[in-house]
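Please look through the following structure slowly, with the sequence beside it, before reading the report below.

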Amino acid sequence: MTMRTRPLGTTGPQVSALGLGCMGMSALYGEADRAESIATIHAALEAGVTLLDTGDFYAMGHNEMLIGEALRTAPAARREQALTSVKFGALRGPDGSWLGYDGRPAAVKSFAAYSLQRLGVDHIDVYRIARLDPDVPIEDTVGAIAELVEKGYVRHIGLSEVGAQTIRRAAATAPISDLQIEYSLISRGIEDEILPTTRELGIAVTAYGVLSRGLISGHFTAERQLGPGDFRAMSPRFQGDNLRHNLNLVEALRKIAEQKGVSVAQIAIAWVLSRGEDIVPLVGARRRDRLTEALGALGVTLEPTDLAAIEEAVPAGAAAGDRYPAAQMAHLES
């Protein structure tokens, strides 16, 4: 299989058509196997995946160190093709609690220094604050990243989970390559205002949550017991009647997938791929078998009749429950 590439906005690099979101290898979805996680990163690089996404607050630096180890132990040619996307600014306590966001220029530069060390690299390819700091103008935060670009520590400036007005303000401050934001069949809020804005400004989208944290992967069941530390145990979409409703949507999607001879996950990822060349889905595979399944989406062609059937089975706004608990939704811009 030859991995296709897509431009990461008008100011960013060419990246693989799928990126690998590494968060689940360290945090929020229960225990992960370290050796399998590293093997999965190696398999992704071998398959032509170039974009590796992380956050410095994923298990308080664990995820960056994991990626750093994977890069050190990968063949040189594969290591050199890897592009790192890092989110910063989310503050954590020793007990794992969330303490807010810090977008002050001095903090931006300090966060970057630690990320470079943990990743074992001399630059970060795309650097972005994880959520808007309500106490710091986005111009100040983006300006600090721009200074890191000037000094060679960062290659491209990104944004994460911000609304159209913030995107415009950031883009007026410095060139923005990419917006990372949740986008899937059951999370389509960006289509109204955010996606038209990024397209007007030549900013790409890296879409996380394309399988809605496994909810629309075809593998999640109502009987599944979620372990301690699993974010989904608190996620509204995984609770009670919401979960039952959402899994009914998955079964409707499964019928379409079976008619095409593909998996539910593959058709869900292929749908995101079909939304435009400026959108790069991040797949959160923690194991090589799940990675192989996700990569299979690259071979799925959705005809107009398929897209119409998908739209009928899972129309916009069909999901039950918010994508985050209320306290976290308060930190998101629409």
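Is Asp-278 buried or exposed? Asp-278 is buried, with a relative accessible area of 18%, where buried means under 20% relative accessible area, exposed means over 50%, and partly exposed covers what lies in between, using a 1.4 Å probe and protein chains only. This is a predicted model, in which local features need pLDDT of at least 70 and side-chain atom pairs count only at pLDDT 80 or more, while totals for chains, interfaces and linings use all residues. Residues are numbered from 1 along each chain as its sequence is written, and side-chain values use heavy atoms, with hydrogens and water left out.

**Salt bridges**

A salt bridge is counted when a side-chain nitrogen of Lys or Arg lies within 4 Å of a carboxyl oxygen of Asp or Glu, and a search of the whole structure finds 20 of them. The table gives some of these pairs.

| Pair | Closest N and O atoms |
|---|---|
| Arg-169 and Glu-139 | 2.8 Å |
| Glu-191 and Arg-275 | 3.2 Å |
| Arg-199 and Asp-278 | 2.7 Å |

The places of these residues are given by helices (H or I, at least four residues) and strands (E, at least two), which are DSSP runs numbered from the N terminus. Arg-199 itself is partly exposed, with a relative accessible area of 39%.

Arg-169 forms its salt bridge with Glu-139; because Arg-169 lies in helix 6 (residues 164–173) and Glu-139 in helix 5 (residues 138–150), this pair ties together parts that are 30 residues apart in sequence. Arg-169 is partly exposed at 40% relative accessibility, and Glu-139 is partly exposed with a relative accessible area of 28%.

Glu-191 forms its salt bridge with Arg-275; Glu-191 lies in the loop between strand 10 (178–182) and helix 7 (194–201), and Arg-275 in the loop between helix 9 and strand 12 (279–283), so the pair ties together parts that are 84 residues apart in sequence. Salt bridges that share partners join Arg-188, Glu-191, Arg-275 and Glu-311 into one network.

**Nonpolar cores**

A nonpolar core is a set of buried Ala, Val, Leu, Ile, Met, Phe, Trp, Tyr and Cys residues joined through side-chain atoms within 4.5 Å. The largest such core has 94 residues, and those with the most contacts inside it are Leu-20, Ile-41, Tyr-127, Leu-159 and Ile-269. Helix 9 (residues 264–273) gives the most to this core, with 9 residues. A second, separate core of 11 residues includes Leu-51, Leu-83, Tyr-208 and Phe-231.

**A hairpin and two positive phi angles**

Strand 6 (residues 90–92) and strand 7 (residues 98–101) run antiparallel and are joined by 3 bridges, where two strands pair if DSSP finds at least two bridges between them. In this hairpin, which has 5 residues between the strands, Gly-96 takes a positive phi near 90°, while Leu-91 stands opposite Gly-100 in strand 7.

Although Met-60 is not a glycine, it has a positive phi of about 50°, and Met-60 is found in the loop between strand 4 (51–55) and helix 2 (62–72). Ser-212, also not a glycine, has a positive phi of about 50° and sits in the loop between strand 11 (204–208) and helix 8 (240–260). Met-60 counts as partly exposed at 42% relative accessibility, whereas Ser-212 counts as buried at 2%.
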